[in-house]
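Please read the following report alongside the sequence and the coordinates. It moves from the whole chain to particular contacts.

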Amino acid sequence: MKIQGIIKGNTIELLEDLSLPNGVKISRSIPDNLIPKKVLWEQIETSIGVWKNQPELDDIFSEIDRERHADLGVEIKFDD
């Protein structure tokens, strides 16, 4: 059975009248694209906060940057 409803707080108000007794449990999946991005960003901020006030990270990222931009050169052999 497919029905429609409107979410109001923690309640889903049905748009049609059903003869279901009170207390009947129903379940519904909510697509990921409907989950507010703010909740996901708060989770990311929590993870990022672990790196806060870690002075050794500056050294680590500086070394990564040096390695990424290092000119390692490439040997080219010419046939005579």
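## Basis

This is a predicted model, in which local features need pLDDT of at least 70 and side-chain atom pairs count only at pLDDT 80 or more, while totals for chains, interfaces and linings use all residues. Residues are numbered from 1 along each chain as its sequence is written, and side-chain values use heavy atoms, with hydrogens and water left out.

## Overall fold

The protein chain contains two helices and two strands, where helices (H or I, at least four residues) and strands (E, at least two) are DSSP runs numbered from the N terminus. Along the sequence these elements follow the pattern β-β-α-α. The radius of gyration of the protein chain, taken over C-alpha atoms, is 28 Å, well over the 12 Å that the globule rule gives for 80 residues, so the chain is more spread out than a compact globule; the rule itself is 2.2 Å times the number of residues to the power 0.38.

Taken along the principal axes, the C-alpha atoms fill a box of roughly 90 × 45 × 15 Å. Buried residues make up 2% of the 80 residues in the protein chain, with buried meaning under 20% relative accessible area, exposed over 50%, and partly exposed in between (1.4 Å probe, protein chains only).

## Surface and charge

The protein chain exposes about 8,600 Å², of which carbon and sulfur atoms supply 54%; accessible areas come from the Shrake-Rupley method with a 1.4 Å probe, and for residues only the protein chains shown count as cover. A nonpolar surface patch of about 1,100 Å² includes Met 1, Ile 12, Val 24, Ile 26 and Leu 34 among its members. Patches are made of residues with over 30% relative accessible area and no salt bridge, like charges being joined within 9 Å and nonpolar side chains (Val, Leu, Ile, Met, Phe, Trp, Tyr) within 5 Å. Ile 26 belongs to the loop between strand S2 (11-14) and helix H1 (37-48), and counts as exposed because its relative accessibility is 63%.

## Salt bridges

A search of the whole structure finds two salt bridges, each defined as a side-chain nitrogen of Lys or Arg within 4 Å of a carboxyl oxygen of Asp or Glu. One joins Glu 13 and Lys 8, at 3.2 Å from N to O; Glu 13 is partly exposed at 38% relative accessibility, and Lys 8 is partly exposed as well, at 46%.

Arg 66 forms a salt bridge with Glu 63, the closest N and O atoms being 2.8 Å apart. Both residues lie in helix H2 (residues 56-69), three residues apart, or about one turn of the helix, and Glu 63 is partly exposed, with a relative accessible area of 33%.

Ser 19 sits in the loop between S2 and H1 and counts as exposed, at 77% relative accessibility.
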